[in-house]
Amino acid sequence: MNPHHQAILREIQAANPGRGPVKQRPEHLGTTRKWHGLKNEQSRAIALAFIAAHRDLSYDDWLALIDSLYHGESYEERCAPRTLLRKFPRYRRELPLAQLDAWLGCLNGWAEVDSTCQTVFSEKDLLADWEGWAALLQSLACDDNVNKRRAALVLLTAPISQSPDPRILDLSLALIDRLKSDKDGRITKAISWLLRKGVKQHRESIAAYIEAKAPALPAIAVRETRRKLATGKK
């Protein structure tokens, strides 16, 4: 285990030292992995404290730490890379997309997937290497692993709300078309999420898409997106 990983794990273990049962079981998070019972803000505080003490962390050490965490035994370890990815944007943009693909294969359940994919990678990240990102997302959407298929959609939820670039919209709708018949709830809910996030920058296009494709789309996606278009609310 990476030594920095060991230090973070000790803090995770110390944050909830046998304070009795917790209300939310790990199955709720879509994983049966070992769980220390930490709240999201506790996990984030541990990661931020580590970053504050290691501002001079090299790219190679950053990469090795994240890789080690993605192979950890617990839910908290596998979600810890989120803050490390967000707080080192220069390193994040140097990250080989093949490495990200491999890390996504270490995740199980909606919460682990979303910890890496939601609001971590921005429109600037995608547009800086559009061809590479488009190829990755298309590959993820075709993967046998449902966690990777969800990742393909969730990775676009921030960029589509941040940028009016038609390439992001077109790719989002193409991936939705590819996955619209997938009956897994992790996918149908992600389709709804992506469409609703698209309303901010692409309202007319999303409205037209919903009306044209409604019969083929998951019912939850049609219902929630129409509500978003009509009320502006989730």
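Mentor: The structure holds 12 salt bridges, a salt bridge being a side-chain nitrogen of Lys or Arg within 4 Å of a carboxyl oxygen of Asp or Glu. This is a predicted model, in which local features need pLDDT of at least 70 and side-chain atom pairs count only at pLDDT 80 or more, while totals for chains, interfaces and linings use all residues. Residues are numbered from 1 along each chain as its sequence is written, and side-chain values use heavy atoms, with hydrogens and water left out.

Trainee: What makes Arg92 and Asp125 a salt bridge?

Mentor: The closest N and O atoms of Arg92 and Asp125 are 3.1 Å apart, which is within 4 Å, and therefore the pair counts as a salt bridge. The pair links distant parts of the chain, with Arg92 in helix H6 (residues 89–94) and Asp125 in helix H9, 33 residues apart; helices here are DSSP runs of H or I with at least four residues, numbered from the N terminus.

Trainee: How do you know which class Glu211 and Arg226 belong to?

Mentor: Glu211 has 51% relative accessibility and therefore counts as exposed, whereas Arg226, at 38%, counts as partly exposed. These two residues form a salt bridge whose closest N and O atoms are 3.3 Å apart; Glu211 lies in helix H14 and Arg226 in helix H15, so the pair ties together parts that are 15 residues apart in sequence.

Trainee: Why is the pair of Phe88 and Tyr91 called stacked?

Mentor: The structure holds six aromatic pairs, and rings of Phe, Tyr and Trp (its six-membered ring) pair if their centres lie within 6.5 Å, with planes under 30 degrees apart counting as stacked, over 60 as edge-to-face and the rest as tilted. The centres of Phe88 and Tyr91 are 5.5 Å apart and their planes lie at 10°, so the pair is stacked. Phe88 is buried at 11% relative accessibility, and Tyr91 is buried at 10%.

Note on methods. Buried < 20%, exposed > 50% of the residue type's maximum accessible area, 1.4 Å probe, protein only. Helix = DSSP H or I, 4+ residues; strand = E, 2+ residues; numbered from the N terminus.
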